[in-house]
Amino acid sequence: MALASGVRFAPRALLRPWALLRGTTLGRTEPAAGGGGDGARRFGSQRVLVEPDAASGVAVMKLRNPSNALSLELLTELVISLEKLENDKTFRGIILTSDCPRVFCAGLDLTEICGRNPAHCAEYWKAMQELWLRMYLSSLVLVAAINGACPAGGCIIALSCDCRVLADNPKYRIGLNETLLGIIAPFWLKDTYVNTIGHRASEQALQLGSLFPPAEALQVGLVDQVVPEDQVQSTALSEMARWLAVPDHARQLTKNMMRKATADRLLRQRDADTQNFVSFVCRDSIQKSLQAYLEKLRQRKG
Ligand SMILES: CCCCC/C=C\C/C=C\CC/C=C/CC(=O)SCCNC(=O)CCNC(=O)[C@H](O)C(C)(C)COP(=O)(O)OP(=O)(O)OC[C@H]1O[C@@H](n2cnc3c(N)ncnc32)[C@H](O)[C@@H]1OP(=O)(O)O
């Protein structure tokens with residue numbers, strides 16, 4: 001972590017050369033609609049579309065997986081896209097949003113941990129840790145433009161950003177609802193919650209598995225702005241401008257000062273956290289409830 005420079009403190013060495021880029025098209029670039037020069041070239045993969053604007057130094061990153069459930073492939077593609085932008089000094093900020101109607105991110109892809117072997121669950125959880133670490137410590141400004149439902153792991157993705165703008169739609173609820181699924185948020189999800197909304201509000205919301213509608217999310221401090229749906233992107237851009245008005249080095253070092261202890265806690269216990277996760281989700285009782293929950297989701301659709 002090149003802290004002294006104050007420019008890049010994301011822990012690069014964290015990234016593993018995962019051999020799982022099956023079916024991805026990472027690194028491919030294509031002209032954005034309307035053509036244009038380098039500033040308008042977008043790149044991406046099957047599940048993440050990046051629309052960079054070199055002139056402003058801001059890239060819009062759009063998730064485009066079914067329900068944006070965090071599959072192993074989506075996690076990997078997000079980490080790689082993030083790293084690509086971090087390595088390009090043109091960029092200072094990312095707006096993270098969804099290309100999927102009504103859903104910002106459905107959280108963990110439960111099919112990655114239901115009926116899978118322990119080795120797969122471990123690989124999956126490490127990828128989840130990796131994305132959180134990368135986002136939480138990113139040197140770039142990350143603004144979440146939340147244009148859909150944002151439960152559980154989706155909420156964590158949003159909370160890893162520096163600022164959150166939520167569309168004012170009562171169906172777009174946000175929060176950590178793990179307890180309602182019979183699972184327990186690991187300590188670093190809890191820590192991220194506490195860092196955002198404080199201890200008492202987190203204690204209540206975590207135990208109750210609360211999913212907050214927009215007005216309540218704003219009141220408790222889970223999001224920074226609630227705006228009409230058609231103003232989410234423009235408001236995210238205005239927020240970005242506000243954050244980018246601060247000199248990078250001062251903002252980056254301050255961010256690091258605020259977040260490092262929380263990230264270090266996971267870094268110190270990463271293997272134990274993975275083992276806890278695997279032994280927990282591989283229990284027969286948890287597998288049964290995951291199975292039943294997935295079934296309910298599928299039936300609800302029909
Ligand atoms: C004491 C020991 C302690 C040890 C502690 C260690 C570890 C702790 C263990 C675990 C912690 C793990 C942390 C978990 C965080 C999570 O993220 S869990 C996931 C929670 N997510 C949800 O509950 C969201 C579920 N989805 C929805 O509510 C809705 O889908 C939606 C997001 C509100 C969208 O609704 P919409 O109507 O638009 O879409 P559909 O419901 O029709 O869904 C379409 C399609 O997508 C499938 N799907 C949806 N969500 C998921 C998902 N999360 N995973 C997998 N698949 C999902 C859905 O089934 C449909 O599929 P299709 O029918 O095949 O098309």
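Predicted model: local features only at pLDDT ≥ 70, side-chain atom pairs only at ≥ 80, totals over all residues.
How are α1 and α2 oriented to each other, roughly parallel or roughly antiparallel?

Helix α1 covers residues 72-87 and helix α2 covers residues 118-136, and their axes come within 9 Å and cross at roughly 30°. Because angles under 35 degrees count as roughly parallel, α1 and α2 are therefore roughly parallel to each other. Their crossing is left-handed. If you follow the contact along the α1 side, you will find Leu 72, Leu 75, Thr 76, Leu 78, Val 79 and Leu 82, while α2 contributes Glu 123, Tyr 124, Ala 127, Met 128, Glu 130, Leu 131, Arg 134 and Met 135. Sorted by class, the residues of this contact of α1 with α2 comprise ten nonpolar, one polar and three charged.

Let me stay with α2, and turn to its packing with another helix. Helix α8, residues 248-268, packs with α2 at an angle of about 165°, and the two axes lie 10 Å apart. That angle makes α2 roughly antiparallel to α8. The crossing of α2 and α8 is, once again, left-handed. Here the contact involves Gln 129, Leu 133 and Tyr 136 from α2, together with Arg 259, Ala 263 and Leu 266 from α8. In terms of class, the contact of α2 with α8 holds four nonpolar residues, one polar and one charged.

The protein has ten helices and ten strands. Of its 302 residues, 42% are buried. If we take the contacts in the protein with a separation of 6 or more, 72% of them are accounted for by residues 24 or more positions apart.

To come back to the opening question, then, α2 is roughly parallel to α1, and α2 is roughly antiparallel to α8.

Technical notes:
Residues numbered from 1 in each chain as written. Axes fitted to C-alpha atoms, helices over the stretch in contact; angles between N-to-C directions. Helix = DSSP H or I, 4+ residues; strand = E, 2+ residues; numbered from the N terminus. Parallel < 35°, antiparallel > 145°, perpendicular 65-115°, else oblique. Left-handed = near helix turned anticlockwise from the far one by under 90°. Contact = placed C-beta atoms within 7 Å. Nonpolar A, V, L, I, M, F, W, Y, C, P; charged D, E, K, R; others polar. Buried ≥ 20, exposed ≤ 12 C-beta atoms within 10 Å, placed from the backbone.
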